[in-house]
Every structure is written in structure tokens, then in C-alpha cells.
Amino acid sequence: MSCIFCRVVGGEIPAEIVAADAGAVAFLDVHPLADGHVLVVPRAHAATLEAMSSADVAALFTLVARVAGPARQAVGAAGTTIGINNGPATGQTVPHVHVHIVPRWPDDGAGSVHSLFRAGPRRPIGEVGAAIRTALSG
Ligand code: 5GP
Ligand code: ZN
């Protein structure tokens, strides 16, 4: 088994596990962006969110919701930024879906998710909405 997060899930390599259930496991990021930075992964290997079954997605986000508050409270944070680098083009470095839960403080200087995107859109909203509805029906 070469996937590093499959090996964490399987107990083959150590991790600071904070919660687990039948479908997902939550553990601390080995290079935390802030105190309390948790990764939540599905037990079943999938590279991207859209490759997962609905049941695995439900289990993954149920555990994200269960851990987010305690991770924030444990480090005295004011909020959390929760996100997924979904695919290699986004900067995803481990090709096993993982949800980042990063505790936040008002003065931490990290900005919001909006600060990631500088270029802005190139197409009208209505045209893009129609294209997505077409893709969904395909
Ligand atoms: P990505 O950039 O793919 O969204 O994030 C991957 C994350 O996994 C990084 O924040 C990195 O620090 C973390 N990571 C990589 N390898 C390991 C590991 O072996 N154990 C743990 N706990 N975290 C890891
Ligand atoms: Zn894996």
C-alpha cells in the first residue's frame, strides 16, 4: 500500500489521531499551518471528492462537523477555515481526499478563502450556470 493516508488509516504509520469512525479518520497534520490543524480522510481510498461514493462523502463530512468545534475549542481559536485541495492542479500533494480543518484567530493574517483568487471570472454567470446544469444532467 503506497498511499500515505491509506497507511495512516491502516495503522501502518503513526499519526496523532483525534477521532475515527467506520467511514473516516481525523488526525493532526504533521506540518500544521496553525495549532489544531486537523486532516479528515475517508477510510476508502479516493483521489478526489467526485470519485467518492455518497456514503463515504456523508461519513467524511459528518466527522468534519464533529471535529471542527472541539479542534477550535482545544486551541482557543475563534473560528476555522475548512477546505480541500481537490486535484493536483489545486496544489493537492497527497492523492487521497483530505479535508483541512485549520483553526483561525482574527489577527492571524491568513485571510479568507476569497484571497486565493486574484484573476476573477471570465464568463457571464448565467452562461456558466447553464453549462454546469448541462454537465449535471449528462
Ligand atoms: P494537500 O496540500 O495535499 O492539501 O495537503 C497535504 C497535507 O498532508 C499537508 O498539509 C501535509 O503537511 C500533510 N501530510 C503529508 N504527509 C503526512 C503524513 O505522513 N502524516 C500527516 N499527519 N500529515 C501529512
Ligand atoms: Zn489512500
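Trainee: Both faces of E3 are covered, so which residues are buried on one side and which on the other?
Mentor: Strands (E, at least two residues) and helices (H or I, at least four) are DSSP runs, numbered from the N terminus. Buried means under 20% relative accessible area, exposed over 50%, and partly exposed in between, with a 1.4 Å probe and protein chains only. By that rule, one side of E3 holds Val38, Val40 and Pro42, and the other holds Leu39 and Val41.

Trainee: What kind of model is this?
Mentor: Residues are numbered from 1 along each chain as its sequence is written; chains are lettered from A and ligands numbered from 1, in the order in which they are written. Side-chain values use heavy atoms, with hydrogens and water left out; local features need pLDDT of at least 70, side-chain atom pairs count only at pLDDT 80 or more, totals for chains, interfaces and linings use all residues, and the whole is a predicted model.

Trainee: Why is strand E3 largely enclosed by the rest of the structure?
Mentor: E3 covers residues 38–42. It is largely enclosed because the number of its five residues that are buried is five.

Trainee: How many bridges join E2 to E3?
Mentor: Two strands pair if DSSP finds at least two bridges between them. Alanine 26 stands opposite valine 40 in E3. E2 and E3 run antiparallel, and the bridges between them number five.

Trainee: Which residue in E5 is the bridge partner of valine 38?
Mentor: E3 and E5 run antiparallel, joined by three bridges. Valine 40 stands opposite valine 99. Valine 38 has as its partner isoleucine 101.

Trainee: In what sense do E4 and E5 pair?
Mentor: Threonine 81 has valine 102 in E5 as its bridge partner. Five bridges link E4 and E5, and the sense is antiparallel.

Trainee: How many of the six residues of E5 are buried?
Mentor: Val99, Ile101 and Pro103 are buried on one side of E5, and His100, Val102 and Arg104 on the other. E5 is therefore largely enclosed by the rest of the structure, with a buried count of six.

Trainee: Which residues coordinate the zinc ion (ligand 2)?
Mentor: Donors are N, O and S atoms within 2.8 Å of the metal (3.2 Å for Na, K and Ca); water is not among the atoms, so sites may look incomplete. Here the distances are 2.0 to 2.3 Å. The spacing along the chain is C-x2-C-x38-H-x50-H. The donors are Cys3 (SG), Cys6 (SG), His45 (ND1) and His96 (ND1).

Trainee: What is the geometry of the site of the zinc ion (ligand 2), with its four donor atoms?
Mentor: Four donors count as tetrahedral if all angles lie between 85 and 135 degrees; four count as square planar and six as octahedral if opposite donors are over 155 degrees apart and all others between 65 and 115; anything else is irregular. The angles here are 106 to 118°, and the site is tetrahedral.

Trainee: How many residues apart in sequence are the parts that cysteine 3 and histidine 96 tie together?
Mentor: Both cysteine 3 and histidine 96 are buried. Cysteine 3 lies in the segment before helix H1 (4–9), and histidine 96 in the loop between strand E4 (79–83) and strand E5 (99–104), so the separation of the parts they tie together is 93 residues.

Trainee: Which residues form the aromatic pair?
Mentor: Rings of Phe, Tyr and Trp (its six-membered ring) pair if their centres lie within 6.5 Å; planes under 30 degrees apart count as stacked, over 60 as edge-to-face and the rest as tilted. The structure holds one such pair. It is edge-to-face, at 5.4 Å centre to centre and 70° between the planes, and its members are phenylalanine 5 and phenylalanine 27.

Trainee: What is the relative accessibility of phenylalanine 27?
Mentor: Phenylalanine 5 lies in helix H1 and phenylalanine 27 in strand E2 (residues 24–28), so the pair ties together parts that are 22 residues apart in sequence. Phenylalanine 5 counts as buried at 8%. Phenylalanine 27 also counts as buried, at 4%.

Trainee: Which side chain makes a polar contact with the side chain of histidine 37?
Mentor: A polar contact is a pair of N or O atoms within 3.5 Å; within protein, one must be able to donate a hydrogen and the other to accept it, and residues adjacent in sequence count only if both atoms are side-chain atoms. Histidine 37 sits in the loop between E2 and E3. It is buried, with a relative accessible area of 1%. At 2.9 Å, its side-chain partner is histidine 100.
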